Amino acid sequence: MSFCVPLAQARAEDEPRIGGKARSLLRLAAAGLPVPPAFAVTSDLYAALRAGGPPLLALADAATLAAALDAAAALTAAPWPAGFVAELRAALAGLDPASHARFSVRSSASLEDRADALGAGLFLSRVDVAAVHVAAAIREVLAAALAPAALAYAARRGLPARELAMAVLIHPFSPGDAAGTVAFDGAAMAEPLVEAARGAPSPSARVLIAGAARTLSARDAAVELEWVATGDAVLFVQLRPYRATVRRTWSHADALADETTTSAWTWDAAHNPLPLSPAQAGLVALVDERCRTAVHQRVVGGYLFFAPAGALSPPGGAPDALRALTRAADARLAALGPSVSIEAALDLFVAVYEPLYGVIQPAARAAREALAAALTAHGSSASVADLLRGVPSVAAERSRRAAAIAATTDPGERAAAIAAYLARFGDEAPVWDVAAPTYVEDPAPLHRLVERPPGPASDDARPAPPLPPGGRALLDAARAAVAIAEDDDALYARVQSCVRRALLAEGRRLQAANLLARAEDVFWLPLASVRRNARGEEPLTLAAVTHAVARARQAHAAALADPPPLPGARPGWDARAGGARGRSGASGRAIGRAHVHAPDAAAPPGAILIARTLLPTELPLLAPAAIVVETGGVLGHVAAQARERGLPAVVDAAGATTAFRAGDLVLVDGDAGVAVRLGD
């Protein structure tokens, strides 16, 4: 049996054995386009290596997940069939007799690059591989076909795991000056869309790339090609159907195109994924006008946006500054007492906000960046994430108190534990909006969030990695910065709750005057109008209040139905596969039932938590099996806390909350950055 088939000699009967990528290269060559010389390691090799391994079962629980991992391990350990290594060596020599080339070793699964199954980015490829390492790379690529995410994807395509076939496409590696993708649908696009993932093609190369897309689109309708350009020369390395993402233009986009700042406005989706109340929007306008920080802020279409405001003077002494600010704020809060005027509460809010976000937070950020820069400059093997593990902070205290609530079934002890939690964190709320009741006002969300204790704390008993010269001082400052990042949230919550109390008091006065049906409706009035009324400058009328509240509620409903695009949003996971693709936030895999996050409803045991975002104040209260969020990065708070707790996590997974329904059976592959719906 021959395992290696040069594509130049491939016959029709070989096509089922060479996989999707190899077939696409043949189609590119048939269209007269330049392609690299290549050969395919047929799916016969995969079958031979799998022959002695354990059977594969449909993924449904931990046992079947373990079986898939065992199958991959067995394939990795299986011996090569007799004669394969010599045949591979000869095939590589046929591509490069001098044996000086580097090679690309790419997956070529039976279901790749089909109209009904693109499998984009699902399977493994290795590039820039030396000839002596090609065999090992082939084994890696084949074993990756048994990864849970790959098997789940195949199952969603109606292909049982036992029927999945994997070939490998091998061709000389061409780094080129630029590489990327071109897509074109002649029926829907005026011009081909050329995107460079690296470098930029020359004008002549761009013409060739666009022309190839036009030519193939005339034959195959919507197409997508991968290309590599060296000077004016272009090689095409893959062809697949183009599945365009339907992009809806945000109706408020034009409102951000003004002269306020020369920088782009960014939706603060990681912290404020929901539309803001008019009261919170008023607070945003107030601090943007009166506080000097590193960003401008504004509310557009109900959502909070920010843009850089220019560098501030280099700050320092963040821990001492935060302690001093906290003492001063707490003293003023105590002096104000339970009955506070709106203006006094707002003065305190502004007095805390500017140093908190204009001095203390930038100083903390600078401390973390200084440590990272020192490690990079000295080539240290130490990881910033590892060095900053286990820092005592407010988040750790939240987790401890939440665990105390969840750990007891005695009603009296549980009530005492909840009272202790509320005494420390009762001014916080499930969302960052002054209109949201605090946990003291409505502890029901807290009860639901702590139905189960948080996951086990991370094990920090590990050897300390070596530090560069002067690294101890930088590390101490960076660890203090981690605590500050948690502690400042608690201080902010206390001063914002003071504003909430003042507004509710004014709402009760308006309710007593029969201007509001409920005191809480005050948050649906413009903050400026409430302030003028409280000062006696412009008394509110029933007609004005009724109209304003109704209009604000309508605007809020409209905003929920028309959110802005996520920052950096890109075409997501194949929607027909049922899932979402993002980036790896924390490694590991888990299977469970989907729970689409709401601030007042805890994920049930073993659930996969799907959310637009998660706040640092609520993450310690949650105990999911895995996390998928539409926002955030690999160094963001969701990913960092997931790594510490050993939870698989996918971040930056645009569209995840609409890709899954509550109760879906979901596989999260944190290594691959993929979440796949397995079934209902």
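The structure is a predicted model. The protein chain has 680 residues, of which 49% count as buried. Its secondary structure comes to 19 helices and 20 strands.

**Overall make-up**

- The protein chain exposes about 29,700 Å². Carbon and sulfur atoms supply 58% of that area.
- Among contacts in the protein chain with a separation of 6 or more, 70% are between residues 24 or more positions apart.
- A search of the whole structure finds 27 salt bridges.

**The five-strand sheet**

- Five strands form an open sheet in the order E1-E2-E5-E3-E4, and their pairing is antiparallel.
- The edges are taken by strand E1 (4–6) and strand E4 (125–130). Each has a single partner strand, so one side of each is left without a neighbour in the sheet.
- On average, neighbouring strands of this sheet are turned by 25° against each other, direction ignored.
- Strand E3 (residues 102–109) runs antiparallel to E4, and four bridges join the two.
- Arginine 106 has serine 125, in E4, as its bridge partner.
- In general, the strands of a sheet pair through backbone hydrogen bonds, either parallel or antiparallel.

**Helix H5 across the sheet**

- Helix H5 (residues 134–144) lies across strand E2 (39–41), E3, E4 and strand E5 (166–172). Its direction is at about 25° to E3.
- H5 is largely enclosed by the rest of the structure, because eight of its 11 residues are buried.
- The buried residues of H5 are Val134, Ala137, Ile138, Arg139, Val141, Leu142, Ala143 and Ala144.

**Glutamine 238 and the contacts around it**

- Glutamine 238 is in strand E9 (residues 233–241). Its relative accessibility is 3%, so glutamine 238 counts as buried.
- The side chain of glutamine 238 makes a polar contact of 2.8 Å with the side chain of arginine 106.
- Another polar contact, of 3.3 Å, joins the side chains of glutamine 238 and arginine 240.
- Arginine 240 also takes part in a salt bridge with glutamate 224, at 3.1 Å from N to O.
- Glutamate 224 lies in strand E8 (residues 223–230) and arginine 240 in strand E9, so this pair ties together parts that are 16 residues apart in sequence.

**Other salt bridges**

- Glutamate 343 and arginine 535 meet through their side chains in a salt bridge of 3.0 Å, N to O.
- Glutamate 343 lies in helix H10 (residues 342–377), while arginine 535 is in the loop between helix H16 (527–534) and helix H17 (542–561). The pair therefore ties together parts that are 192 residues apart in sequence.
- Glutamate 343 counts as partly exposed at 22% relative accessibility. Arginine 535 also counts as partly exposed, at 38%.
- Salt bridges that share partners join Arg11, Glu13, Asp14, Arg17 and Asp44 into one network.
- Aspartate 44 and arginine 17 form a salt bridge in which the closest N and O atoms are 2.7 Å apart.
- Aspartate 44 is in helix H2 (residues 43–50) and arginine 17 in helix H1 (residues 15–30), so the pair ties together parts 27 residues apart in sequence.

**Glutamate 397 in helix H12**

- Helix H12 (residues 394–406) contains glutamate 397.
- The side chains of glutamate 397 and arginine 401 are joined by a polar contact of 2.9 Å.
- Apart from its neighbours within four places in sequence, glutamate 397 is in contact with Arg424 and Phe425.

**Strand E19**

- Strand E19 (residues 665–669) is mostly covered, with five of its five residues buried.
- Both faces of E19 are covered. Leu665, Leu667 and Asp669 lie on one side, and Val666 and Val668 on the other.
- E19 pairs with strand E15 (residues 589–596) in the antiparallel sense over five bridges.
- Isoleucine 591 has leucine 667, in E19, as its bridge partner.

How values were computed:
Residues numbered from 1 in each chain as written. Predicted model: local features only at pLDDT ≥ 70, side-chain atom pairs only at ≥ 80, totals over all residues. Heavy atoms only, no water. Buried < 20%, exposed > 50% of the residue type's maximum accessible area, 1.4 Å probe, protein only. Contact = heavy atoms within 4.5 Å. Areas by Shrake-Rupley, 256 points an atom, 1.4 Å probe, with all protein chains shown as cover. Polar contact = N/O pair within 3.5 Å; in protein donor to acceptor, adjacent residues only side chain to side chain. Salt bridge = Lys/Arg side-chain N within 4 Å of Asp/Glu carboxyl O. Pairing = 2+ DSSP bridges. Axes fitted to C-alpha atoms, helices over the stretch in contact; angles between N-to-C directions.
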